[in-house]
Amino acid sequence: MLNYKNNLLIGFLIIAFIYSYLILNLDIISFFNGLPNLLIIFNEIHNIDYSLLSVAFVSMIETIQMAFLGTALGYLFAFPLSILASRNLASKYSYLPMRCVLAVVRTFPSILWAILFVIMVGLGPFAGVLSITLYTIGFISKLQYESIEAIDSEIIDNITSIGISKSQLIRYVVIPESAPHLLSQLLFTFDYNVRHTSVIGLVGAGGIGFYIINYIKFFEYEKALVFMLVVLITVIIIDLCSVKIRDKYIIKFATSKKLN
Amino acid sequence: MNNSLSSNNIIINMDKVWLSYDKIHYVLNEITMSVKQSTNYTIIGQSGSGKSTLLKLINGLLIPSKGKITVFGMTPNKKNKQFLNIMKKIGYIPQSLGLVKNISVLDNVLIGTLTRINKIKSILKILPEIEIDNAKQALELVGLEDKMEKKTYALSGGEKRRVAIARALAQKPILLLADEIVSELDHVTSKEIMNLISDTQHELKLTSVMIHHDIKLALDYADIVSVLQKGKKILEIGVNGNTITDFDMTKNQPC
């Protein structure tokens, strides 16, 4: 393990860490000095305003709906694009330009997409859905074409040699073979998008984040806290659900494969 | 040598075929062979002797570096649209079987019938009854009719081989290419599978090119046995039952 080459690499990483720390002028002491400031926030929270729970709940539902629509739309668009971008199914003239386009889409963080779409279609959930869609396309398509490329080439070779068409190949080989990965990616993306949709509300793209940022702006931390708690509970519930789905479809597949 | 003599149709013809993956080392050196209709042509040889490569040349997955191949009178190439119609009639069972693990046994066999089904309908999975029956018959033939609905990954090694055979049969091929189809299997199962193939072969007048590890098995079932060593064909013998009917030692002696 620890040969000359690896030692050199580890040494290089340590130097890079120290150099970055120094050059960025980070001051660890200010973190500890700042801790009492955080207490001020907590002191402000005398009584959590539970009357806002129903508003928080409704806006959380809106957030989930936005994330759901964005994930579904993004996923639907990403799949054909990732087929065009995979090296084992598409030609060079297809996958090279497609990868460039997807790299460009991926470069923008969702908050930037949200700002762009708020300018385009105005404030509200529509801008949020659009930005989540675009973000999902950029993010998921890379995962998708990588899992499509991971399909055993012998299977694809063998079945193309039967003379079936590309669309049949995709329907009967590519989708079933990569299904566990695709499902796992879908769950991950939805989970991620729910949290993200809460954030893009900050720029006015609808959802629960819009409330959180406004209450924080006016120093009404006890109200913001109610909304944050609702986000926390939702994320935990989604996490529990995705564990169930994962157990049922993905783990079962992986373990039964090992048994053979 | 049974009816192959009466019908003098040559299905596969290779003329001084060379193949190299890296343009330096040749995997196949000057292979010349021809396979007549309804014969079982079996290739044996050590691993790395180029047997699997030879099969992939026949169905157009690989293109020779030098020399000429004709299969049903056409040059095999998977990118050639005209050869596609021939590919549909070639059943190919690679060593790794190439099954889709995550779908049912029946669906895997149905893949063999897809070329005869309308594209859009097959994508929506509206398959004609007759093709479903074909697939079921093929599964019955290999003795897997009670495991149709099972996922393919849950089968044993021998069962997976049977699925691959059933898929090739559902394709209704006129040429069957099988790469070490019974290696890794116990003696009884390999006999069963070979008998099955040999029976259907006689029934359907199928031509086949097979690769075996086991020389005894090759002699039992083949009409012609050809020996490859380091990419060269060193021997070709005609077999009928236990008698060797033809013997041809080519000039390329191994070193």
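A residue is called buried if 20 or more other C-beta atoms lie within 10 Å of its own, exposed if 12 or fewer do, and partly exposed in between, with C-beta atoms placed from the backbone. By that count Asn59(B) is buried, because it has 27 C-beta neighbours inside 10 Å. What you have here is a predicted model, so local features need pLDDT of at least 70 and side-chain atom pairs count only at pLDDT 80 or more, while totals for chains, interfaces and linings use all residues. Residues are numbered from 1 along each chain as its sequence is written, and chains are lettered from A and ligands numbered from 1 in the order in which they are written.

**Where chains A and B touch**

- 23 residues of chain A are in contact with 24 residues of chain B; contact means that the C-beta atoms of two residues, placed from the backbone, lie within 7 Å.
- On chain A's side, helices H7 (153–160), H8 (166–200) and H10 (221–259) each bring at least two residues; helices (H or I, at least four residues) and strands (E, at least two) are DSSP runs numbered from the N terminus.
- H8(A) gives the largest share of that side, 8 residues.
- Sorted by class, the side of chain A that touches chain B comes to 9 nonpolar, 9 polar and 5 charged residues. Here Ala, Val, Leu, Ile, Met, Phe, Trp, Tyr, Cys and Pro count as nonpolar, Asp, Glu, Lys and Arg as charged, and the others, Gly among them, as polar.

**Asn59(B)**

- You'll find Asn59(B) in the loop between helix H1 (51–58) and strand E4 (66–71) of chain B.
- Leaving out residues up to four places away in sequence, Asn59(B) touches Ser161(A) from the other chain, plus Pro76(B), Met87(B), Ile90(B), Tyr92(B) and Leu177(B).
- Pro173(B) is 114 residues from Asn59(B) along the chain, yet their C-alpha atoms are separated by 12 Å.

**Chain B as a whole**

- Chain B has 8 helices and 10 strands.
- Its C-alpha atoms fill a box of roughly 55 × 40 × 35 Å along the principal axes.
- Of the 255 residues in chain B, 44% are buried.
- Take the contacts in chain B between residues at least 6 apart in sequence: 65% of them join residues at least 24 apart.

**Helices H5 and H6 of chain A**

- H5 (residues 110–121) and H6 (residues 125–149) of chain A pack at an angle of about 140°, with axes 8 Å apart. Axes are lines fitted to C-alpha atoms, for helices over the stretch in contact, and angles run from 0 to 180 degrees between N-to-C directions.
- H5(A) and H6(A) are therefore oblique to each other; under 35 degrees is roughly parallel, over 145 roughly antiparallel, 65 to 115 roughly perpendicular, and the rest oblique.
- Residues of H5(A) in this contact include Trp113(A) and Phe117(A), and those of H6(A) include Phe126(A) and Tyr135(A).
- The contact of H5(A) with H6(A) has 11 nonpolar, 3 polar and no charged residues.

**Positive phi values**

- Most residues other than glycine have a negative phi.
- Phe219(A) sits in the loop between H9 and H10 of chain A and is exposed, with 11 other C-beta atoms within 10 Å.
- Leu97(B), not a glycine either, has a positive phi of about 70°. Leu97(B) lies in the loop between strand E5 (90–93) and helix H3 (105–111) of chain B, and is buried with 21 C-beta neighbours inside 10 Å.
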